[in-house]
Amino acid sequence: MISRQTSRFLILTAFVFLVVLSFDGTVTSSAPRVPTAPTNLTVGAVTETTIALSWSSSKHNRPFSYRVRMTNHTNSQYNTVITVASSQTSYLARFLPMNSNYSISVSAVDERGNSSASSNTVTVRTLADETPPSTPVLETLVLGPSQVRLSWNNSTDNIPLNCCSYLFFMNGVRITQHINWAAAPAGHNAIVIRHLAPGSTNTFRVDAIDYQLNTASSNPSTATTETSTDTVAPSVPTNVRLLRDNGCAEVWLGWTQSIDDVDPQFAIEYEIYVNGVLSPLAVSAGVSEDFVYGTGFPDNTFTVKAVDRSGNTSAASAPLFVQLWPC
Ligand SMILES: [Ca+2]
Ligand SMILES: [Ca+2]
């Protein structure tokens, strides 16, 4: 039989145990279930591709991090949610599309996934790019009676990876034909303008253009080609044939080289026409084969013309018919 003293001891022990249990349960049930919402979300500096954000911190008794929710009003593909450590109350959003409206809010989420309410929402528009690329500095070099080399430094843009394409002008008129891209030192570009009249004086210009079509025009540069008395074209290339078909409509053509009344064979250039249109690839001199892309699928007709240093051009070779398919 349990004595009265022992009973009192057991009752007292049970009471203490219950108090401890109760106390512990009280602590747990009174803890905040979710972080407090971040407040005072504010937009700082805005550029074409960046938005600076800051906010006042959340409070919580468990570890948490922030979620910056960015909603693009124009294209939902740019919507994003970024996680930011709780030690940080600012964020620089980068690589954003230009000239775009965003709604942005921040919330705090603890390690159990409990989320606070959202902060205030801010709306902000990234800037439009209205700044042209850097101005190209153009130099010209006469390469003979019918060609001038243009070289210029690479332009850079205020926006990374937003630049540049180049347009070419002669005497104020844009030129798109008879342009050979040429080797140039690092940081520079070069093209050779072909088929200029011997002894002609022409003024060239290069425009650098970013993807928003902001344009920077180079200095004008004037060049006078060498004079020439050669008015006779080289002989017509013969034996035009398919040397190799690399697939994907990439082929190597071969031919027998032409002869000119004035120029040595190494100076004679060969133009390849694909379905009647001059191939945009660089034209080479002194070669008996060259690379070209077919443009008609499956039917392609290739012809070759020879050009001397004075720009005199032979008639087209006999056509070569080849069936090709793109990849
Ligand atoms: Ca720009
Ligand atoms: Ca000639």
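**V68 and its surroundings**

Guide: Leaving aside residues up to four places away in sequence, V68 touches L53, V81, I82, V84, Y91, I104 and V106. The model is a predicted one, and this applies to everything described here. V68 is also one of the residues with the most contacts inside the largest nonpolar core, together with L53 and V106. That core has 13 residues.

One is an open sheet of four strands, ordered β4-β3-β6-β7, with antiparallel pairing. Its edges are held by β4 (80–85) and β7 (122–125); each has a single partner strand, so one side of each is left without a neighbour in the sheet. Direction ignored, neighbouring strands of this sheet are turned by 30° against each other on average. Within the sheet, strand β3, which comprises residues 64–72, pairs with β4 in the antiparallel sense over six bridges. One position in this pairing is S65, which stands opposite A85 in β4. In general, strands of a sheet pair through backbone hydrogen bonds, in either a parallel or an antiparallel manner.

The other sheet is also open and consists of three strands in the order β1-β2-β5, again with antiparallel pairing. Here β1 (39–46) and β5 (90–93) are the edge strands; each has a single partner strand, so one side of each lacks a neighbour in the sheet. The twist from one strand to the next averages 20°. Strand β2, residues 51–56, pairs with β1 in the antiparallel sense over four bridges. In that pairing V46 stands opposite I51 in β2.

Three domains are assigned: domain 1 at 39–125, domain 2 at 138–224 and domain 3 at 238–323. The C-alpha centres of domain 1 and domain 2 lie 45 Å apart. The chain as a whole contains one helix and 24 strands. Its radius of gyration is 37 Å, well over the 20 Å that the globule rule gives for 327 residues, so the chain is more spread out than a compact globule. The C-alpha trace spans about 135 × 45 × 30 Å along its principal axes. Of the 327 residues, 26% count as buried. Among contacts with a separation of 6 or more, residues 24 or more positions apart account for 63%.

The peptide bond from C163 to C164 is cis, with omega near 0°, and C164 has its place in β10. L161 lies in the loop between β9 (148–153) and β10. Its phi is near 60°, a positive value in a residue other than glycine. L161 is exposed, with 8 other C-beta atoms within 10 Å.

N239 is partly exposed, with 13 other C-beta atoms within 10 Å.

Further along, strand β19 (residues 269–274) is mostly covered, five of its six residues being buried. β19 takes part in several antiparallel pairings. With strand β21 (residues 284–285) there are two bridges, and the partner of E269 is A285. With strand β23 (residues 299–307) there are six bridges, and the partner of Y273 is T303. Two bridges join β19 to strand β20 (residues 277–278), where Y273 stands opposite L278. β19 and β20 form a hairpin with two residues between them, and N275 in the turn has a positive phi of about 50°.

A cis peptide bond also joins F297 and P298, with omega about 10°. P298 lies in the loop between β22 (289–293) and β23.

Conventions: Residues are numbered from 1 along each chain as its sequence is written. Chains are lettered from A and ligands numbered from 1 in the order in which they are written. This is a predicted model: local features need pLDDT of at least 70, side-chain atom pairs count only at pLDDT 80 or more; totals for chains, interfaces and linings use all residues. Two strands pair if DSSP finds at least two bridges between them. Axes are lines fitted to C-alpha atoms, for helices over the stretch in contact, and angles run from 0 to 180 degrees between N-to-C directions. The radius of gyration is taken over C-alpha atoms; the globule rule is 2.2 Å times the number of residues to the power 0.38. A residue is buried if 20 or more other C-beta atoms lie within 10 Å of its own, exposed if 12 or fewer, and partly exposed in between; C-beta atoms are placed from the backbone. Two residues are in contact if their C-beta atoms, placed from the backbone, lie within 7 Å. Domain bounds come from an automatic or database domain assignment. A nonpolar core is a set of buried Ala, Val, Leu, Ile, Met, Phe, Trp, Tyr and Cys residues joined through C-beta atoms within 7 Å.
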